[in-house]
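Colleague: I have not looked at this structure before. Could you show me how to read how its helices pack and what lies around its ligand?

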Amino acid sequence: MAKKVFQSILSVAVMVLLITTFFIVNEMYRSFTNSQLEVLHGEARVIAYGINKDGLQFIDQLDDADYRITIINDQGNVIYDNIDNDINTMDNHLDREEVRKAFAEGYGSSIRKSTTLMERAIYTAILLSDGNVVRLSSTYPSVYHFLTLISQPLLLVILFIILVSLYIAYKLANRIVKPLNEIDADMPDNVPYNEIRPIMEKLSAQKKRIENDEETLKRRRQEFETITSKMNEGMVLLNDEMAVIEINASAETILGEEDLIGKKITETEHYAKLASLFEDALLGHRSSKKVRINDKRYDAEVSPVKMDGGVVGIVLFLFDDSFKESAEVMRKEFASNVSHELKTPLQAISGYSELLKSGIVREEDQEDFANKIYLESQRMMKLIEDIIKLSHLDNEDLQIRKEKIDLNELCADAIETVKKDRIEDVEVIYKGEPAMVYGNRELIESIVFNLCENAIRYNVENGKVFVTVSSEEDSSVLEVKDTGIGIDPKDHERIYERFYRVDKGRSKNTGGTGLGLSIVKHACILNNAEISLESRPGKGSTFRVSFPKA
Ligand code: ADP
């Protein structure tokens, strides 16, 4: 901008300079011409005075011939000429302007072109007392000649003025532009020129609008990123040229590629497996299929994004399907485990009853056999009970009723029941304080019972179980600590699996089903509680369940 202002000022200055120079030179030349005429007129008057007084001999007395002196009679004929003696061949002079004027008014003058371009001719004529006219003529520089005469000083002056103009234009341009550069768009009132105030106000309002839009856009993008980054499903947004516009972390992990934004999906490693889906989407159809990427099964789904009837983008979702596979494997495993677990007590019951039925059992042994049948059927019932409980907790549509519960009261009652049913010589000590939780009573009770049963079952002779309930800053905590056999850290993760037992024999002999901790784990998840274990072989175990405070 400074350059433009500079150029404008300079061109105006040069134009003014040229116009001024033209007028000044013109004026100088005009006054130069006038002075030439005046000098010639003065001379003519002197000569006319001399001729009037002394006649033509006065001219002869003049020794210089700077002027051409011509005397013309009233007929317009030249009767004397100091330069050209051949007066008879000369034209009639009555048509000459200066001569005509002199005869009419006593004095006349005129300027005419000279024979050369460099000079002009001036004439002045005065009426003599004898009725003739004396005319003086001379030459003086033409305007071109005049210009060449003054060109040197004139050019110097012009050059000097141009240099000064350059300097002034530079300074002025800077002075005009500097405050403009210092304008703060946030302060439209603080402008150096009133003329730009309206545009500054508009700009400032526009800037604020853009800033707000940017902020909203940034926030939306962040929200979008936060939401999509937490998604387990892979999500990819593409434009109609198949270039990636957005991709979440899961999709990057699934596709095993990074920095895909801006790149074409067609250039990715696994594109071939998805190509048919994208072809459908580009034709405007939703489509899905199962694909295997890096040994994992996914449900891939594409939807076209349409605008004005055309496809402007494509959304790809990749749903992890492998958990369905593993769930199926788990289900099969569970079914075979259940049948195996049920077979053992059933076989025992069937064997004992067959013996009883055959009558070969001695009378004194019959009670013992009946007892065994009773115990095995009890075990079977407990197992079926646990299986039903677990499958109930497994149900995805399960609705559980939650309420505000004092964990302290619930535990105190549960411990009383545990103590009543206790046959082992393990002492159960309870200590608690009011601690509110928001959860399902039945499920929390099953947590307490299962943990206490295990703590008694896997304890040592004359061992102890300490159950405590405490209220912490954000949580209500149940702790079941025993002085029992403990659990090897390598088994800590696995003990929550169905039918996983560290010590199979002990579990079965003491009526364990291998499902207790699976039920506990499920119950914890459904009550938003976290379970942790601290245990070492021979050092006892401490299970800690932390519920969010109600
Ligand atoms: P179980 O009915 O066999 O007790 P659980 O699911 O309740 O089944 O427990 C799984 C396994 O974890 C048990 O078989 C046992 O080996 C181990 N376990 C559970 N609680 C304790 C504990 N308090 N002390 C030592 N081992 C335990």
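This is a predicted model: local features need pLDDT of at least 70, side-chain atom pairs count only at pLDDT 80 or more; totals for chains, interfaces and linings use all residues.

Colleague: How are two packed helices described?

Modeller: Two packed helices are described by the angle between their axes and by the distance between those axes. Take helix α1 (residues 2-54) and helix α4 (residues 143-181): their axes are 8 Å apart and the packing angle is about 155°.

Colleague: What does that angle say about the directions of α1 and α4?

Modeller: Angles over 145 degrees count as roughly antiparallel, and α1 and α4 are therefore roughly antiparallel to each other. The crossing of α1 past α4 is right-handed.

Colleague: How do the residues of the contact of α1 with α4 divide into nonpolar, polar and charged?

Modeller: That contact has 26 nonpolar residues, 3 polar ones and no charged ones.

Colleague: Next, at what angle do the axes of α9 and α13 cross?

Modeller: Helix α9 (residues 363-394) and helix α13 (residues 516-526) have axes that cross at roughly 30° and come within 10 Å. That angle makes α9 roughly parallel to α13. Here the crossing of α9 past α13 is left-handed.

Colleague: Which residues make the contact of α9 with α13?

Modeller: From α9 they are D386, K389, L390, L393 and D394, and from α13 they are S518, I519, H522, A523 and L526. By type, this contact of α9 with α13 has 5 nonpolar, 2 polar and 3 charged residues.

Colleague: And how do α11 and α13 meet?

Modeller: The axes of helix α11 (residues 441-457) and α13 cross at roughly 145° and come within 9 Å. α11 passes α13 in a left-handed crossing. On the α11 side the contact uses L443, S446, I447, N450, L451 and N454, which meet G516, L517, I519, V520, A523, C524 and L526 of α13. The residues of the contact of α11 with α13 include 9 nonpolar and 4 polar ones, with no charged ones.

Colleague: Turning to the ligand, which residues around it come nearest?

Modeller: There are 22 residues around the ligand, and N454, Y458, S507, G514 and L517 come nearest. Two of these names, N454 and L517, also belong to the contact of α11 with α13.

Colleague: What do N454 and L517 place by the oxygen atoms of the ligand?

Modeller: N454 has a polar side-chain atom 2.9 Å from an oxygen atom of the ligand. For L517, a backbone N or O atom lies 2.8 Å from a ligand oxygen atom. A polar backbone atom of D503 is 3.5 Å from an oxygen atom of the ligand.

Conventions
Residues are numbered from 1 along each chain as its sequence is written. Side-chain values use heavy atoms; hydrogens and water are left out. Axes are lines fitted to C-alpha atoms, for helices over the stretch in contact, and angles run from 0 to 180 degrees between N-to-C directions. Helices (H or I, at least four residues) and strands (E, at least two) are DSSP runs, numbered from the N terminus. Angles under 35 degrees count as roughly parallel, over 145 as roughly antiparallel, 65 to 115 as roughly perpendicular and the rest as oblique. A crossing is left-handed if the near helix is turned anticlockwise from the far one by less than a right angle, and right-handed if clockwise. Contact means heavy atoms within 4.5 Å. Ala, Val, Leu, Ile, Met, Phe, Trp, Tyr, Cys and Pro count as nonpolar, Asp, Glu, Lys and Arg as charged, and the others, Gly among them, as polar. A residue is near a molecule or strand if one of its heavy atoms lies within 4 Å of it. A polar contact is a pair of N or O atoms within 3.5 Å; within protein, one must be able to donate a hydrogen and the other to accept it, and residues adjacent in sequence count only if both atoms are side-chain atoms.
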